[in-house]
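Please examine the sequence and the structure shown below. The briefing that follows describes selected parts by topic.

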Amino acid sequence: MLSMSTNNSSYNDQGGADSAVEIGQETTPTSNSGAGFGLFSTDFKKNDDLKEMLENNKESLKLEAMKRIVGLIAKGKNASELFPAVVKNVASKNIELKKLVYVYLVRYAEEQQDLALLSISTFQRALKDPNQLIRASALRVLSSIRVPIIIPIMMLAIKEAASDMSPYVRKTSAHAIQKLYSLDPDQKEHLIEVIEKLLKDKSTLVAGSVVMAFEEVCPERIDLIHKNYRKLCNLLVDVEEWGQVVIISMLTRYARTQFTSPWREDGVFDENSERAFYESDEEKTRDDTEIKPYTMDPDHRLLLRNTKPLLQSRNTAVVMSVAQLYWHLAPRNEVSIVTKSLVRLLRSHREVQYIVLQNIATMSIQRKGMFEPYMKSFYVRSTDATHIKSLKLEILTNLANEANISTILREFQTYVKSQDKQFAAGTIQAIGRCATNISEVTDTCLNGLVLLLSNRDETVVAESVVVIKKLLQAQPSQHSDIIKHMAKLLDNITVSMARASILWLIGEYCERVPKIAPDVLRKMAKSFTSEEDIVKLQTVNLAAKLYLTNSKQTKLLTQYILNLGKYDQNYDIRDRTRFIRQLIVPNEKSGALSKYARRILLAPKPAPVLESAYKDRDRYQLGTLSHTINTKASGYLELSDWPAVAPDQSVRNVEVIEPVKEWAPSLGKTGKSKPAKSSDDKFYSDSGEEEEDEKGSGTSSSNDGSSSSSAGLSLCLCVPPPGPVLYLPETYSPSDLRHCVDIGFVKQLLFRVSGYLHVFRSVTVSYVVPFVPQEVKLQKEVSLLDLDDCELTDVKPWSVLSPSLLTDLEGLSLSNISTMQVSGPAFVPEKSHNLLHRMTGKGLAAQYQFTRQPCLYQPNMVSVQISLTNTSDHRLEQIHIGERSPAGLKIHCFNTIEFLEPDASVTVSMGIDFNDSTQAANFQLCTKEDQFSVSIQPAVGDLFLAVTMTEQDFRKEQGKLQGMNECSATITVTAENTSSQPLNRRVAAMANVGVVPSGQDNVHRFAGKTACSGAVLLVTVELRESSAAVITINTEKSVMGSMLLRDLKKSLAQA
Amino acid sequence: MIHSLFLVNSSGDIFLEKHWKSVVSRSVCDYFFEAQERASEPENVPPVIPTPHHYLISVLRHRIYFVAVIQSEVPPLFVIEFLHRVVDTFQDYFGVCTEAAIKDNVVVVYELLEEMLDNGFPLATESNILKELIKPPTILRTVVNTITGSTNVGEQLPTGQLSVVPWRRTGVKYTNNEAYFDVVEEIDAIIDKSGSTITAEIQGVIDACVKLTGMPDLTLSFMNPRLLDDVSFHPCVRFKRWEAERILSFIPPDGNFRLLSYHVSSQNLHPLRSTSLVAIPVYVKHNITFREGSSQGRFELTLGPKQTMGKGVEAVLVNSQLPRGVLNTNLNPSQGTYTFDPVTKLLTWDVGKINPQKLPSLKGSMSLQAGASKPDENPTINIQFKIQQSALSGLKVNRLDMYGEKYKPFKGIKYMTKAGKFQVRT
């Protein structure tokens, strides 16, 4: 067997090699004649034996040669002259050899375009391979070959791959889109079409890649997102982590264009509060109209809700992108939920810290409160890298306020002494900022800084002087004594920069220290020759300023200094001296300028503003490269401002196809035999694709009539699915179906195949969805169906109507198909049932009640409200739900109640997935000490959700639920129940159903759907003469139907 | 996204390059070298460096810089996280991630990089999938490969990537089915001069080594899950179950992986006694003085256990960066060994185990540069230690259940506390 295959492959290789050698020989001279190869004579020689090895028939030698070539590529050596020898191995059977050839090909194809073309046919062949991974890798390499001639081939391959049945291949095609776009931007229009198509893809594998392609090719086409917005939100949790980052940042941008601002005018942002201030005065009238409470678009909320769990991701990039999404989109009071996660990231690698700290720095300027509780997490460790230290310092400074400034200053004191002098200098600047921001500590800070002037380190002293200078400039009037103190320090300080700064200060404020200034000048005149240049310059300045203000005392001194300066070795000082002399000492040559000497030298100088370097960083979207480098990076997409008025929300409504209308099977007709209406054009083309999916190769897309229906059916029944099978409900009218297959038979078969059935809602099944790993392939017996009277309907409340059916297995959410809308319950029974008696519960009493509201946690759950009361005399701690039975029972528990005081009671809500059966849910209610087994027994009526529908829809639904789906009974109703009001109430009390408006007085209709599977329930009560009434219940859940019928009979018959 | 990757060693040589789009000349790294020269320490090279046409994003691990070349806007964390994932993968494959290991396995490295990115966008980063695509090199396999000429590229195409559980490879078989969980907590603390705690927090992880046949579905529950209020999960953990029941329910990847990491800060460690801080397991008595004008300094250090819940403190290692003025030290450890590097001024004292009866101490004198003034700051002391069989936060695993498979696995759990960034200011 083994030898067979090797023989085979070598045989093939020979065949391939022969032809390649021929061509290779033709082309080698041209490639070798290229200049420059002579330079690598040693390489060239070595490459010669590589060439020999490659031309050898032995697989192992070829492999060895390729490995060495890859080694050359990795080192950045040129191996391009081996191209002809390498490229002929592209069709090798050996996978590793092939892969290495791919690596080589992708690297050098651009340089050897003609030769690269030799390999194309191999890839074209591989694109048709039955193995999805081979198709994918062929497309990957083909699209990576940057040769313009093959653009049309690439385009074709991408288009084909985009409708491949394998999501992995489709993902690859999304990547290929970007490659082709970078090779030839002219293809944009065609590529957008492919992107549009791939955006509709429901596979989590594809989502990230196609959004990436969207961002790269056509980020401005925001309209392509509308229809996919909700799907993307719902898929997000299950997309691979890298895709999540891309999708989140795209959705952030999207949301900013589509929703109105959730930020109240009295927001925390400075600019906002300013605006609010003006508006409240001037535009009172307009305000009045605008005051109407802000309600968040449910889609906006959806995004926020679905991204929140991702804060728990292990991938720091995902956490950061969620954080920026909340920062840019969430209402102010919700932003702080990201704090904890961001702080957690600080334990990660140094580089991660750097980016996260930068973002926190920007955030903390605007929202101190967010990070203040975590202040200690920003304390600097001596082992931190310098840039991490300075970022932490930045954040600490931003967080400083009156309450915590003393703690922060104490911490700063440690930092000032750090051995890392750059960091110590940064700390001094930070102290300066704290001093200006918080007036209470200005004096303390100043005193502290003055003490630092005696530090031994030049950087520290210089920085202190500079900061003091800035502080004094801001409020010079109060601090003449500090200036005096600094003047005294001048004798001890040796650091020239500091000396210079002090001289400048004295000069600038010489009028505030009139006695000291001349004395300082005198001292400086004495030591002038031995001073550093910078000090000399400032001495000249000081002299000039004093000459102008106090010429009586300093005239001689000044002249002395100017004379010294005139003959200084440094030409800067000589220049300055000459300039100053001309300016201040009036003589006949000096023109008009000297008149203004005072104004020039003693001009009031603006105080430097001490503010954060991160002040304006928020003009860039957080988490972006542009934010990090504080300039616009190429390809940065601006985040738009909130629109004043939200654009049309309905654009995001997904056109959901009403199954019955569209897919009502009519035998003997193919889908194509009837012309599709214009409105379903789009859908029609979709169905074509999906049909291809089903058929795999897409060879025969239209079979005809009944034969195909059975063929399709047998296809899905015969092929044992690799995983559980999901049957998506879709209802045909059974009467039609009975023509082709016996319903019971179908049902039986489907049950047998499926193993376990997640959703089985209708008797017949038109979507059969085998659970192929990572993907749900939609198999439809398209040809069975006709597209006759199609009607597209909008499904608005997404949360209820597109439940994610298989959250556990795959976050795949399939929008449920329905015309119905879930409405609130018509009647909520007050009656609560005992869950746990206080005697058995050792003081803990519990009662439960069905709220009949759609469950918030998961749409297929029934929500139950539980009120817990502590009747004991001690407090009960940690009340929570323990083990449950049956083991698979899905319960959304309430959060653990920490404690319940005696006589206190608390009401919590939970969700239970009863799986459309009246089987009781048993679980344990636990306190810290005890566990009590309890059970919740639902009445059949509580397992429904009320829906509203029109009478017309009702009839249509009823038409589909004939035969064994219908049960009816004739009863005698009591007199008071003959009028509509009490009757409606009776029915609504018994079952959570909605009233359907009825045209006839004597017929009352009610509609609901089961909570778990969403199967339709229709109740008709027809009143006849002499208080007789016929109750008819149509539902595919026949057991539930008959149970409900029994209950209704009882209820309506009794007084 | 990621355009190219250059691997630069500590001496500034590019020893590997890989391009995912068109080739970027390695001269782009000159900007990086410039920044490297400017930085005083290797860690101080900024992670993001803008250049005229590209942006360089680098990470430093195992003294190798991984420099990614970016051409347009991309979240920097995206790149950084990816680069770290690359390093983790190398480590996973070759045991160590050194220049030598990478050079020896350059083909595998190239194959890995090829699979991990497509057109600069991450494709397969999950270790289970990669290992199906490219088998990690082992000595045995190398020998076998040379003899039989077979390859280390998987013949089988990975199924994991296409399955519902992309992190787990399929067809896993073991004769001994075992699942081990290590709860490792690291305590980060800053202790001030007087011995009081400035900040203390616990960073915990649960690392798992799961070798179970088939597709096991595991459930791990805790005695006190409320401790975990800030967690991050491996993607296998079902978040909804955690939210609802505080139970970790997951289908594990095969082999070693990090199931969970959590963060307990001093604010939320004891919710009922909110004031109490993280227990600090060791204390340090120190007396480090430099006298003005004298060329001698005194150095005294004593360690002792504190709040260790009866467990011994092991593998204690003290190091401290002494001020530049210190020329040499003459110290006497009561146990263990100490070294002082006169060039880097790094003092290291390998203490070993702390015996509560006889506390370890290090005493002696330091000789200072003659004439130099007294250093401003006393050195910070960094301490490492381990405490076996205890998790400092008190986190306890309640039970581990397995569903979906018939056999009975062997289960094990281990607790350990380590010092993270534990600093004492003197």
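A polar contact is a pair of N or O atoms within 3.5 Å; within protein, one atom must be able to donate a hydrogen and the other to accept it, and residues adjacent in sequence count only if both atoms are side-chain atoms. The side chains of B:Thr125 and A:Trp242 make such a polar contact, at 3.0 Å.

This is a predicted model, in which local features need pLDDT of at least 70, side-chain atom pairs count only at pLDDT 80 or more, and totals for chains, interfaces and linings use all residues. Residues are numbered from 1 along each chain as its sequence is written, chains are lettered from A and ligands numbered from 1 in the order in which they are written, and side-chain values use heavy atoms, with hydrogens and water left out.

**Chain A as a whole**

- The secondary structure of chain A comes to 43 helices and 21 strands; helices (H or I, at least four residues) and strands (E, at least two) are DSSP runs, numbered from the N terminus.
- Of the 1055 residues in chain A, 56% are buried; buried means under 20% relative accessible area, exposed over 50%, and partly exposed in between (1.4 Å probe, protein chains only).
- Among contacts in chain A with a separation of 6 or more, 68% are between residues 24 or more positions apart; contact means heavy atoms within 4.5 Å.
- Chain A exposes about 44600 Å², and carbon and sulfur atoms supply 51% of this area; accessible areas come from the Shrake-Rupley method with a 1.4 Å probe, and for residues only the protein chains shown count as cover.

- B:Thr125 is found in the loop between β7 (121-122) and α5 (127-133) of chain B.
- B:Thr125 counts as buried because its relative accessible area is 11%.
- Not counting residues up to four places away in sequence, B:Thr125 touches residues including A:Glu241, A:Trp242 and B:Phe82.
- B:Tyr110 belongs to helix α4 (residues 106-116) of chain B, and B:Tyr110 is buried, since its relative accessible area is 3%.
- Leaving aside neighbours within four places in sequence, B:Tyr110 is in contact with A:Val70, A:Ile73, A:Ala74, A:Val103, B:Glu17 and B:Lys18.
- The C-alpha atoms of B:Tyr110 and B:Leu16 are separated by 9.4 Å, while the two residues are 94 residues apart along the chain.

**The surroundings of A:His880**

- A:His880 is found in strand β10 (residues 876-885) of chain A, and A:His880 is partly exposed because its relative accessible area is 24%.
- A polar atom of the A:His880 side chain lies 2.9 Å from the backbone oxygen of A:Gln878.
- Not counting residues up to four places away in sequence, A:His880 touches several residues, among them A:Phe894, A:Thr896 and A:Cys926.
- A:Cys926 is itself buried, with a relative accessible area of 2%.

**Loop residues with positive phi**

- B:Arg246 is not a glycine, and its phi has a positive value near 60°; B:Arg246 is found in the loop between α7 (239-245) and β12 (247-250) of chain B.
- B:Arg246 counts as partly exposed because its relative accessibility is 30%.
- B:Gln389, also not a glycine, has a positive phi of about 60° and lies in the loop between β21 (380-388) and β22 (397-403) of chain B.
- B:Gln389 counts as exposed because its relative accessibility is 60%.
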